[in-house]
Every structure is written in C-alpha cells, then in structure tokens.
Amino acid sequence: MQESLDAIGEALEENGRVIVTGCLGVRDDAGGGNLVRSVHPKVLAVTGPHQTGAVLDAVHAHLPRPHDAFADLVPPAGLKLTPRHYAYLKISEGCNHRCTFCIIPSMRGDLVSRPIGEVMREAQALVRQGVRELLVISQDTSAYGVDLRYRTDFVDGRPVRTRMTELAAELGKLGIWVRLHYVYPYPHVDEVLPLMAEGLVLPYLDVPFQHAHPQVLRRMKRPAAGEANLERIRAWRAICPELTIRSTFISGFPGETEEEFNYLLDFLREAQLDRVGCFAYSPVEGAAANALPGAVPDEVREERRGRLMLLQEEISRARLARRVGTRLRVLVDAAGAGGAVARSSADAPEIDGVVHVAADPRLKVGEFYEVLVESSDTHDLHARLAD
C-alpha cells in the first residue's frame, strides 16, 4: 500500500494532474476519510475498482473531449420533455414486489438500480442546464440500491453508498428543490425526514398506500399494514411538521367488503393525508388479482371511489385553510397578464394542487418567489407576492 501511495506522489510531482483508480481508492484512513485524499489532497479524482464510467467522467471533466458535431447536438443531461425549470430523475427500473394488481415486474423485470455516481452526474448536468426542481422517480424509490447491496460508488471522487438516504443527502447539496416520489413506507424511510426538516429535501413524500385494511393489503400482497402506516405517519410528522403526504388508493379491489372499505375511510380520517388520488379497481391483463374471488360490481367500485374522494375533499379543504395568512416559497410554472400558476413544496407538477398568484410584472416562469396566502379552496391556494 505504501508503495502505491509513493507512486501517486511521484506522479503528482512529475505531472501534477493525477486520477487514482483501483482498490486503494476505496480504502479509508484512521479517521474514516478517504486514504488517498488524506495523503495526496491534490489528486483530481479517486475512484474504486471497476469504476470505468467514473474514471472516464473524471478524465472528461479535466480534459474536455473534442467537439463532436453529431453527438454534441444532444445536451449533456439528455433530452427532456418537461419545462426548463423542472425534470424527472429516474433512479431505477423494475420492481421486486409482486403486487397482485400490477404487471410491472413481468414487463420490466426485477429492480435494477443505477449507481449513485451515474445518477448524480445526470442531476448535476440538469442543474447546470437551469433545472430548479428534481422529481425523483422509480417503481420503488425506497428500495433503491437493494439489488446492488448498497454498493459504494463515487460522487465527485468521494465514496458514497448507492442507497436512498445517501442519494437524498447528495441531491440536497445541489441547492434546488428535490421531491421524492413512489416511496414505500419501509422503516428506513424515517432516515430522510431529518433531511426534510433541515430543508435539504422538500418535506414531501409520495407514498402509494393503496389500502389500509390488513386483509385487503394481504390480497394485494402489499408490504405494510394500515396500523403500522398510521404510526409511521405520526412519527414522520413529529420529526417534520411541515411534511406533505400524497398517496393513491384502490376502491373495489376483489373481495373488498363494505366493512373493509369503511376501514379505509376511517384510516383517511385519522391519517389526514394532504393529497389523495383514488382509482376504481380495473382488471389488468396478466395481473394475478384477476383470479381472486369476490369481484366487486363496477357500479360499487365507482360509488366507493366517489365516497372516498368526497371525504378527501373535506380533509383537503380543511388542511389548505390552515395555510391562509402564511408565507410560502413557490416556483412559478406559468405567468401572464391574468396572474401566475405556481407550486409550493406541497405541490408536485400535474398531479397536485397549485398556488394561484395575483398578477405582478415581477413574476417569471422558473423563478422562486415568496407569496402571502390570502384564500384557499378544495385543492388550491390563492396568494399575492409578499411585500
């Protein structure tokens, strides 16, 4: 090991521009820091074994490649179909769950996570292009890195585990809004709540509970129970009182009784979720749920969906009313003579409510502003620029 460290020192003296790669790159010193960087802080980058992509990225960062008239037509972060100020960041593909109503595993296979270094390089490129909000998506964000056994990768030459908490912490350093979607309520999700309380990640969780009754969840083959979810929600809000929780539910799942549906309504009354969507169960070709007994008639599925959404409208109206008179930071999605459509930390684009801001010539798309909330309705807030 000392011989390798000496060789790095000689290379620095000879050339001054050195990238270190290999097994030594993942060794820690006595204090827990990276050994190579502690001995030779002037190295350009440090990567571990088999980190070809990280090595090439470091080379390109410090020795830009020549212009390619064909490849360089595509921006470094790739092509995106969203507005300039926000973008979706996909961190994995596939899913290890076998929910009976879902066919994603049969279409896309088991979970395949992208190494954290690769994800962060894309995120950094998007920020350089002007993105102000990243929406982290996958089929199961909480499971990120499980398939890789949380393998260590490199972010800006630093060893970082490929895991949801570490990813959230790294994204939180970019100085933009970071919003987490499709988060299963596993115990380790608790680890990201302090990051939200500190303002590094938006206090927003998109958690697809789907139902609350234990028997329905068992038939769905979902990984949690309603009682445990209520306890977790209380714990999350104790850590981060400003937390917004959005979720989706299915009404009329095969075998669902009126008692089980009412149990779900009671769960919603207790949980007081901020944003909720509900879908009447619809058979999907190839889904295991199709073979379950007790199919619920179409009209009953729809009637239950309607009842659930009426209850949620009451909850949403009451929760939004508490925002009246407060100040919020918003990101403007559209602006014109009639005013602006903006979003707060509680609002994901296209699926949640919005903040309608009174017309003001200072309002520009893709910029952050502080607004004063003057009124609310069932789903949206109405505000003006704060003085």
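**Note on aromatic pairs and a helix contact**

1. F101, F253 and Y281 belong to one aromatic cluster. Rings of Phe, Tyr and Trp (its six-membered ring) pair if their centres lie within 6.5 Å; planes under 30 degrees apart count as stacked, over 60 as edge-to-face and the rest as tilted. The count by this rule is 8 aromatic pairs.

2. The model is predicted: local features need pLDDT of at least 70, side-chain atom pairs count only at pLDDT 80 or more, and totals for chains, interfaces and linings use all residues. Residues are numbered from 1 along each chain as its sequence is written, and side-chain values use heavy atoms, with hydrogens and water left out.

3. One of the aromatic pairs is Y86 with Y88. The geometry of Y86 and Y88 is edge-to-face, with 6.3 Å centre to centre and 85° between the planes. Y86 counts as buried at 5% relative accessibility. Y88 has a relative accessible area of 33%, so Y88 is partly exposed. Buried means under 20% relative accessible area, exposed over 50%, partly exposed in between (1.4 Å probe, protein chains only).

4. Y184 and Y186 are stacked, because their ring centres are 5.7 Å apart and their planes lie at 20°. Y184 is buried, at 6% relative accessible area. Y186 counts as buried too, at 17%.

5. Now the helix contact. Helix α10 covers residues 258-271 and helix α11 residues 298-321. Helices (H or I, at least four residues) and strands (E, at least two) are DSSP runs, numbered from the N terminus. The axes of α10 and α11 are 10 Å apart, at an angle of about 15°. Axes are lines fitted to C-alpha atoms, for helices over the stretch in contact, and angles run from 0 to 180 degrees between N-to-C directions. α10 and α11 are therefore roughly parallel (angles under 35 degrees; over 145 is roughly antiparallel, 65 to 115 roughly perpendicular, the rest oblique).

6. On the α10 side, the contact residues are E258, F261, N262, L264, L265, L268 and R269. They meet R304, R307, L308, L311, Q312 and I315 of α11. Contact means heavy atoms within 4.5 Å. The residues of this contact divide into 7 nonpolar, 2 polar and 4 charged (Ala, Val, Leu, Ile, Met, Phe, Trp, Tyr, Cys and Pro are nonpolar; Asp, Glu, Lys and Arg charged; the others, Gly among them, polar).

7. For the chain overall, the secondary structure is 11 helices and 17 strands. Of its 387 residues, 49% are buried. The C-alpha atoms fill a box of roughly 75 × 55 × 45 Å along the principal axes.
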